[in-house]
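User: I want to learn how to read a protein–DNA surface and helix packing. Please take me through one model.

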Amino acid sequence: MQVSRIKAPALFNLSHSLECGQVFRWRKIGEFWYRVLGTGAVKLRQVGIYLEFEGSEGIDWHGIIGHYFRFDDDLKSIVRTISRDKFVSDAISAYRGLRLLRQDPWECMLSYICATNTNIPQIERTIDNLCRKFGRRIRFDGKEFYTFPRAETLAKASISSIRECKAGYRAEFIKATAESIVEDASIFDQIRSCTYEEAREELLKFQQQKVFKGIGPKVADCVLLFSLDKLEALPIDVWILRIIVREYANLFNKEFLDKIKTRGSLTFKDYSTVSKTMRGYFGGYAGYAQEYIYNYARNLL
DNA sequence: ACATCCCCTTAGCC
DNA sequence: AGGCTAAGGGGAT
């Protein structure tokens, strides 16, 4: 094992990218960030314009890291197109260099199924329990890590054993989703090649057929944005909704605004309306705008 | 102590 | 068809 380094693009901030709530399971130990990526573990830190890293043997970390951190995104140009007002511009300045990640779709999907109707510490605990119980242990840099469980493993697991990971009623959604993925592992490649609208339909169509249980509009948007290259996807959770109502009220008519304000959450149809409006406003990189705003709002408001 | 509310939503019922 | 409500668990109040 030896230290390598990769030149990061001009606009890149490792901590902002890992701490913005889009991904789970990164561990900061000392100056380094650690995580299992695929079948191996890696540690990295940012030093000036370089990203220093060491990883498990026999893996092309150079390629994986550039791909994972979306170094192929022209962030400078993206930021320019989404800077539509002072609020988002301030958010972008506050989190300069925040990049979306290109996560593994299976892990991303399962993680966000675990993330419904709960809080972040709880989500992390459940995912960690699943990995410890159903993943493979890896030793790296004198520390223990676990791989994310394979779909085959969770498809075979009993609902009660998944429930023991503190997954609650989500246990049956996890098993059902795992079974669907085992049945058709090419589904993610198919979805990736679709347009955003087609891809979203595809994920939610499965929902109607009771295949991908636990995936509604919000989780679908998370999976599309964080793992399937649909950068116009704009996941709307309670926080984003609060910010939209507060900072972007002028984009909606009064009756609609009053309706969603009093309810505090969105119906399926209202979600689509808000989502479409915000996508129209921010454009094809609306997902990047969402991530900056989300972070800004959670930490500063 | 103890109850109650809150939390990065969705499925299922009516 | 669209709106309401329950769902698990832990921490804060």
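**Reading the DNA surface and the helix pairs**

Analyst: DNA strand C is surrounded by N117, T118, N119, Q122, R125, R163, K166, G168, Y169, R170, R263 and T267. A residue is near a strand if one of its heavy atoms lies within 4 Å of it. Sugar and phosphate make up 55% of the atoms of DNA strand C that come within 4 Å of the protein. This is a predicted model: local features need pLDDT of at least 70, side-chain atom pairs count only at pLDDT 80 or more, and totals for chains, interfaces and linings use all residues. Residues are numbered from 1 along each chain as its sequence is written, chains are lettered from A and ligands numbered from 1 in written order, and side-chain values use heavy atoms, with hydrogens and water left out.

User: Which helices supply at least two residues of the surface near DNA strand C?

Analyst: Helices are DSSP runs (H or I, at least four residues), numbered from the N terminus. Here they are helix 6 (120-134) and helix 8 (159-167).

User: How does the surface near DNA strand C divide by class?

Analyst: Ala, Val, Leu, Ile, Met, Phe, Trp, Tyr, Cys and Pro count as nonpolar; Asp, Glu, Lys and Arg as charged; the others, Gly among them, as polar. This surface has 1 nonpolar, 6 polar and 5 charged residues.

User: Which atom of DNA strand C is 2.7 Å from the side chain of T118?

Analyst: A polar contact is a pair of N or O atoms within 3.5 Å. For T118, a side-chain N or O atom is 2.7 Å from a base nitrogen of DNA strand C. Y169 also places a polar side-chain atom 3.3 Å from a base nitrogen.

User: At what angle do helix 5 and helix 9 pack?

Analyst: Axes are lines fitted to C-alpha atoms over the stretch in contact, and angles run from 0 to 180 degrees between N-to-C directions. Helix 5 (residues 105-114) and helix 9 (residues 170-183) pack at about 160 degrees, axes 10 Å apart. Helix 5 is therefore roughly antiparallel to helix 9 (over 145 degrees). Contact means heavy atoms within 4.5 Å. Helix 5 uses W106, M109, L110, I113 and C114; helix 9 uses R170, F173, I174, T177, A178 and I181. These residues divide into 9 nonpolar, 1 polar and 1 charged.

User: And how do helix 14 and helix 15 cross?

Analyst: Helix 14 (residues 254-263) and helix 15 (residues 268-282) cross at roughly 125 degrees, and their axes come within 12 Å. F256, K259 and I260 of helix 14 meet D270, T273 and V274 of helix 15.

Technical notes:
A polar contact is a pair of N or O atoms within 3.5 Å; within protein, one must be able to donate a hydrogen and the other to accept it, and residues adjacent in sequence count only if both atoms are side-chain atoms. Angles under 35 degrees count as roughly parallel, over 145 as roughly antiparallel, 65 to 115 as roughly perpendicular and the rest as oblique.
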